[in-house]
Amino acid sequence: MPDLLVKPTQPDHENCIVDITPESAGWKYVGFAVHQMQAGETVRRCFEGRETCIVVVSGSAHIETEGGTFRSVGGRRDAFDEQPPGAAYVPANSEFTVEAETDAEVALCTGPSNGGHRARLIEPADMGLEERGDGTNRRYVRNILPETESADSLLIAEVITPGGHWSSYPPHKHDTDNIPEESALEETYYHRVNPSQGFVLQRVYTDDRAIDETMAAYDRDVVMVPRGYHPVGAPHGYDSYYLNVMAGPRRTWIFNNDPDHEWIVGD
């Protein structure tokens, strides 16, 4: 299994700073890339057998697909702005182009697909925001591509966790294909930290401790979760943002908490 902590690289010729494929991750489903684009720059892609959700984390971009053109997608200042990101869905085997209208941070999230869905803009009004947890377990979740919206494998959300709080907590897992008790979903966490010199702590561990990793994730790091529990802690003074991408053999999120910590949520 490759290292679970992926550090950003220097931008390549397309200003890609993160590029995780199923092959590089050593798993089957999730692909994830981030392009740190300057105004006027373009990225052109066509993923055979894979659907794509384009998430404009910050800035704005024009997105051209075989099924339509979407102008000025996004527009927020940064990941911590209190508004939805820009997002669009592109079916498998369909070429698309992203052109940065302003400097923009663009994530390409991919998963297996037969290509039966249409290209579409994901409207900001359709990205529901929910508050989860209480006390120092409170965090804010924005559902970008939930299972109620059409796609073949991808589930995508972003989460803001205030400094001093925990997230993905109590520790939970979704690594067993046993519907309706639990679903099997690979997952990536793309971390942003505010202020950017900070870090968050993320642990990934299994019941048998075959995986038992505790990582300091810095701004723009990615943590891969092939299986196991995966809580995140944000130190005092540093707010946490992460973009989650999940995919697996069945497109539903059914998780189980670590039995040792189930008591935290009560009855």
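Glu-105, Arg-192, Asp-219 and Arg-220 are linked in a network of salt bridges, a salt bridge being a side-chain nitrogen of Lys or Arg within 4 Å of a carboxyl oxygen of Asp or Glu. The model is predicted, with local features needing pLDDT of at least 70 and side-chain atom pairs counting only at pLDDT 80 or more, while totals for chains, interfaces and linings use all residues. Residues are numbered from 1 along each chain as its sequence is written, and side-chain values use heavy atoms, with hydrogens and water left out.

Strands (E, at least two residues) and helices (H or I, at least four) are DSSP runs numbered from the N terminus. Glu-105 and Arg-192 are both buried; buried means under 20% relative accessible area, exposed over 50%, and partly exposed in between (1.4 Å probe, protein chains only).

A search of the whole structure finds 17 salt bridges. One of them joins Glu-14 to Arg-45, with the closest N and O atoms 2.6 Å apart. Glu-14 lies in the loop between S1 and strand S2 (16–20) and Arg-45 lies in strand S4 (residues 42–45), so the pair ties together parts that are 31 residues apart in sequence. Arg-45 is partly exposed, at 24% relative accessibility. Asp-212 forms a salt bridge with Arg-203, with 3.1 Å between the closest N and O atoms. Asp-212 is partly exposed at 38% relative accessibility, and Arg-203 is partly exposed with a relative accessible area of 27%.

An open sheet of seven strands has the order S1-S21-S18-S23-S13-S12-S11, with antiparallel pairing. Its edge strands, each pairing on one side only, are strand S1 (5–6) and strand S11 (129–132). Two strands are taken to pair if DSSP finds at least two bridges between them. Strand S12 (residues 139–145) pairs with strand S13 (residues 155–161) in the antiparallel sense over five bridges, and Glu-158 in S13 is the bridge partner of Arg-142.

Asn-244 lies in strand S23 (residues 239–247) and counts as buried at 9% relative accessibility. Leaving aside residues up to four places away in sequence, Asn-244 touches Leu-155, Ile-156, Ala-157, Val-159, Glu-187, Thr-188 and Tyr-189 (contact means heavy atoms within 4.5 Å). The side chain of Asn-244 makes a polar contact with the side chain of Glu-187 (3.1 Å) and reaches the backbone oxygen of Thr-188 at 3.3 Å. A polar contact is a pair of N or O atoms within 3.5 Å; within protein, one must be able to donate a hydrogen and the other to accept it, and residues adjacent in sequence count only if both atoms are side-chain atoms. Asn-244 and Tyr-190 are 54 residues apart in sequence, with their C-alpha atoms 6.6 Å apart.

A further open sheet, of four strands, has the order S14-S22-S19-S20 with antiparallel pairing. Strand S14 (166–167) and strand S20 (212–218) are the edge strands, each pairing on one side only. S14 and strand S22 (residues 232–233) pair in the antiparallel sense over two bridges, and Trp-166 stands opposite Gly-233 in S22. Phe-199 is found in strand S19 (residues 199–205) and is partly exposed, with a relative accessible area of 33%.
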